[in-house]
Amino acid sequence: MRLIIHHWDTDGIAAAALLYEKDDSNMSPKIGNYFLEEDEFAMISVGNYDEIVVVDVALHPDTMKRLAEITKVRVFDHHITKRVEGIEYINPILDGKDEEDYPSASWVVADYLNRRDELLAFLGVVGDWEERIKNTRFFPLLDEFMKKNGFTFEELHEMVYLMDSNYKAGDKEEVEKAVRELKTTPNPADYIMNNSKWRRRKEEIEREIEDAINGKEERIGKAVVKRIKSKYNIISTVARKIWKGDEYVIVINCDFFRDDCQVYVRGEDATPFIKMAAERGYVSGGKKNVMGAIVPKNECDEFVEKILEKING
Ligand SMILES: [Mn+2]
């Protein structure tokens, strides 16, 4: 018995579907978590797995250590992570290879399994890179695949948005089911394009993003503050679309989680906010220009105040 733990986005789903074999089980961490929680460890412990395969998700080293104590662990990934002792890594990026040669976990898996000529191999690439893939030395491979199989880039991009509608809706069960369905369906492209549930979701998400962009916002000094009410996980997209590059954007959504608000900042330097959120003990993360945090509803206004104080000095 084997357990596949995979990321909730298109790349994670596609890579897991390539790996999935009869009798395997699969799960995604709770959407938004880059670690596993106690109830998940408990479930895995009683599962009696001979092997756990972690795909396209850079789980916290503490989580990886605990998994390695349970059973044999293998990782298929293209993220830069710390190696944990006793775990086998199939990750060309950790071996010093270039991300343009291994642009996604789906490609790492397809390469390993010698299945580079399949839609699933390329879907993860389009999911992780979108339009940017066109400017890489990987693109000729994708282009050749599309020409040979009669796909346009726009069609592959649409498939990605259909698949990603599930995590944006917070639907972990549907994410997990997608892996198994894509493994078994004779025609993954048709399965994705004709999935009316995913399409309804995708269209509703697009409407809500549009409404959020056009909805009211408040300017406070160098920051634009936008409070939205959406049951979809769209703050990062909204922040990216309203950011003009020379100020700070703060997007707040208190309707995705029951007890918490999502707070997302995009701006020139997000590192002070990443530090602030971590010091306050929030589930949070980010990189140079962005910070995302999950904040208890009764602490949200105060946290946003503190961010604004820092931005406006
Ligand atoms: Mn990926």
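Start your tour at the metal site: along the sequence, the donor residues of the manganese ion follow the spacing D-x44-D-x21-H-x49-D. Before you select anything, note that this is a predicted model, in which local features need pLDDT of at least 70 and side-chain atom pairs count only at pLDDT 80 or more, while totals for chains, interfaces and linings use all residues. Residues are numbered from 1 along each chain as its sequence is written, and side-chain values use heavy atoms, with hydrogens and water left out.

**Stop 1: the manganese ion**

Select the ion together with Asp 11 (OD), Asp 56 (OD), His 78 (NE2) and Asp 128 (OD), which coordinate it at 2.1 to 2.4 Å. Donors here are N, O and S atoms within 2.8 Å of the metal (3.2 Å for Na, K and Ca); water is not among the atoms, so sites may look incomplete.

Asp 56 sits in the loop between strand 3 (51-55) and helix 3 (61-70), and His 78 in the loop between strand 4 (72-76) and strand 5 (88-90), so the pair ties together parts that are 22 residues apart in sequence. Helices (H or I, at least four residues) and strands (E, at least two) are DSSP runs, numbered from the N terminus.

Are these two buried or exposed? Asp 56 is buried, at 1% relative accessibility, and His 78 is buried too, at 13%. Buried means under 20% relative accessible area, exposed over 50%, and partly exposed in between (1.4 Å probe, protein chains only).

**Stop 2: positive phi**

Most residues other than glycine have a negative phi. Look again at Asp 56, where phi is positive, near 65 degrees. Next select Asn 114, in the loop between helix 4 and helix 5; its phi is also positive, about 60 degrees, although it is not a glycine. Asn 114 is exposed, with a relative accessible area of 58%.

**Stop 3: helix 5**

Select residues 119-129. Ten of the eleven residues of this helix are buried, so helix 5 is largely enclosed by the rest of the structure. Its buried residues pack against helix 1 (10-19), helix 4 (105-113), helix 6 (139-149), helix 7, helix 8 and helix 9 (188-193). Just after helix 5, Glu 130 takes a positive phi of about 50 degrees.

From helix 5, Leu 119, Leu 123, Val 126 and Gly 127 meet residues of helix 7, including Phe 153, Leu 156 and Met 163. Contact means heavy atoms within 4.5 Å.

**Stop 4: Asp 171**

Finish in the loop between helix 7 (153-168) and helix 8 (172-184), where you will find Asp 171. At 14% relative accessibility, Asp 171 is buried.
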